[in-house]
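I opened the file with a notebook beside me. These are my entries, in the order I looked things up.

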Amino acid sequence: MLISVLAISLGTLLGVGVGLVLVYGRLVPRIAVRAILEYVRGTPVFVLILACYYLLSKIGIQLTAFQAGVFALTVFCSSHVGETLRGALLALPKGQMEAAKAIGLTFRQAFIYILAPQAMRQALPSWVNTAAEMVKASTLLSVIGAVELMLVTRQIIARNFMSLEFYLIAGIIYFLINFSIERFGRYLERRVALPS
Amino acid sequence: MSEEASLETPVLQIENLHKKFTHVEVLKGVDLAMKSGDVVSVIGSSGSGKTTMLRCVNMLEDFQEGHIRIDGEEIGYLPGPDRKPKKEVEVARQRAMTGMVFQQFNLFPHMTALGNVTLGLTKVKKLPQDEAVAIAEKWLARVGMLDRRGHYPGQLSGGQQQRVAIARAVAMSPKVMLFDEVTSALDPELVNEVLNVIKALAGDGMTMLLVTHEMKFAFEVSDRVVFMNQGRIEEQGKPEELFRNPQSKRLAEFLKSAQF
C-alpha cells in the first residue's frame, strides 16, 4: 500500500516532467525521453521490476526490495502519466496559447494559468486509471520479496493452507482500494467539471 | 522640432514587411502607418496575407524582413543585421501593447467572463484584485456583458463570447486593437451585436486595425480601407473613394464578387 502511494505520487511528479519534455523539450532531450518511454511502455511491468532489483545490483546499485519496487513502479507510472499529459496538452486548441500570449502572458504564465488547468481536467480520468493500474501492478512486487499485500497473503497461506479464504480476502482488499480510487476520481471529475 | 516629430510618430508603423512560410512568401513587402485614433480595415480575398500581417504585429508569427514599430518602439527583433529575436519577457511586454481579438474567440473555458478579463490585469499588469475587477466590470458593462460576468464561456453564445473577448483585449488598454475576422465564426444574427460594440469603441477614438469580410461594416466604420492582394497592398484610401471608385482591376473584381 505504501509502495503504491509512493509510486503513484513520485510517478506523477516525474510523469509531469516527462510530459513537459515530450511537448516542449528541445530535440535531444525529447528524443532521449521518448526512447526511454517507448522502452518502458514496451516492457512488461514484471520485467521492469526484476530489472530494477537484479540488474541494477549488477552495476553496483544495490537497492532494497522496497526501494527497487518503488523505483520500478515510479518509472512505470511516470511513463503513463507523461504520455497522458502529452496527449492532453496537444489536444488543447492552439488558440488558447495564442490568446494567452496576446494579453501579454509569458510562456510560463500561460502554462500555469491557461494550459495546465485545462490539460489536468482532460487527463484526470486516465490518471485515475493509471493509479488503479499501479495498485494492481504492486502485487508483482512479491517476486522480489517486497513486503506487500500479496506476499503477506501467500505467507499466511503457507502457514495455514487456507488458500481460498485468504486469496479471497486479498482480492476484496484490492477491490476496495481500487473502487475507492475510482470513486474518488469520479468525485474529482465532478468537482472540476465546467458548467455549460 | 522634436516635439513636432513625436506628434507625428505613428502609433503603428509597418515597413517593408516580408513573411515566408517555408517556401511560400505570403507577405511581399507591406507598408502601413496608422495615427492615433485611426480605424483601418483590411480587405481582400483569402490567402492575400491580411490575417498574417495582423498576426505579425503581435508576434504570433515571425517575419523575415522589414520592421514593425508601435509608438516608435521596434517590435520583436533586436536592431542589427542578424535580426535576433527579443527576449521572451520583452516580447510578452510588447504583445500587451496590442490587443488581439480572434476569429474563434479563444476565451479561456475554465474561467468566468470576469476571470477572462481580469487575468491579464492581475498577472501582466500586476494590479491588485479589486482594481482589476473594477476595470474588468467597467469593460464588461461597455460590451453589454456585465450581467453575465459569472458565466463560463460554455454558457455563452458566440456573440456573447466574442464581446467578452473584446473586453478582455481592451481592458489591457492597448495602443492598437487588432481584430482578426471577428465575426466570421458567428451565426448571422449574432454578427451585429459584435459589430456594434466595435463601432462604439471606434467612436471612443480607439486605434484599430481590422481584418474583415464585412464590407458594409468596413465602409461605415473605417477612416481608411486597405485592399490586399497576393501579399501586397494593392490599393488604399478613404472608404467612399475605394469602394465607389476602385482604381485597380483586382479590387473592382473583388468588390464585385463580394457583392458590395
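**Entry: a hairpin.** I began at the hairpin of β9(B) and β10(B), which has two residues between the strands. There I found Gln230(B) with a positive phi near 50 degrees. I note that this is a predicted model.

I then checked the pairing in the hairpin. Strand β9 (residues 224-229) and strand β10 (residues 232-237) of chain B run antiparallel over five bridges. I picked out one bridge: Val226(B) has Gln236(B) as its partner in β10(B).

**Entry: the open sheet.** Next I looked up an open sheet of four strands in chain B. I read its order as β2-β1-β4-β5, with antiparallel pairing. Which strands are at the edges? I find β2 (24-34) and β5 (73-74) of chain B, each pairing on one side only.

I followed β1 (residues 12-21) and β4 (residues 65-70) of chain B, which pair antiparallel over five bridges. Glu15(B) stands opposite His67(B) of β4(B) there. I then asked which helix packs on this sheet. I find α2 (residues 50-57) of chain B, in contact with β1, β2 and β4 of chain B. I note an angle of about 115 degrees between the direction of this helix and that of β1(B).

**Entry: nonpolar cores.** I searched for the largest nonpolar core and found one of 54 residues. Leu12(B), Leu17(B), Met53(B), Ile68(B) and Leu209(B) have the most contacts inside it. Which element gives the largest share of this core? I find helix α6 (residues 107-137) of chain A, with seven residues.

I listed the contacts of Leu209(B), leaving aside neighbours within four places in sequence. Among them are Leu12(B), Leu32(B), Met34(B), Val40(B) and Val42(B). The list also includes Met53(B), Leu54(B) and the run Val176(B), Met177(B), Leu178(B) and Phe179(B). I logged another core, apart from the largest one, with 41 residues. Met145(B), Ala167(B), Ala169(B) and Val194(B) are among its members.

**Entry: chain B overall.** I count ten helices and ten strands in chain B. Its C-alpha trace spans about 50 × 45 × 45 Å along the principal axes. I checked the radius of gyration of chain B: it is 18 Å, which agrees with the value near 18 Å for a compact globule of 260 residues. Buried residues make up 54% of the chain. Of the contacts in chain B with a separation of 6 or more, 63% join residues 24 or more positions apart.

**Entry: chain A overall.** I turned to chain A and found eight helices and zero strands. Its C-alpha trace spans about 70 × 45 × 20 Å along the principal axes. Of its 196 residues, 42% are buried. Of the contacts in chain A with a separation of 6 or more, 71% join residues 24 or more positions apart.

Chain A averages a pLDDT of 91, and 100% of its residues score at least 70. Where is confidence lowest in chain A? I find helix α3 (residues 45-58) of chain A, at a mean of 88. Confidence is highest in helix α5 (residues 94-102) of chain A, at 95.

Note on methods. Residues numbered from 1 in each chain as written. Chains lettered and ligands numbered in written order. Predicted model: local features only at pLDDT ≥ 70, side-chain atom pairs only at ≥ 80, totals over all residues. Heavy atoms only, no water. pLDDT = per-residue confidence, 0-100. Core = buried A, V, L, I, M, F, W, Y, C linked by side-chain atoms within 4.5 Å. Buried < 20%, exposed > 50% of the residue type's maximum accessible area, 1.4 Å probe, protein only. Contact = heavy atoms within 4.5 Å. Pairing = 2+ DSSP bridges. Axes fitted to C-alpha atoms, helices over the stretch in contact; angles between N-to-C directions. Rg over C-alpha atoms; globule rule 2.2 N^0.38 Å.
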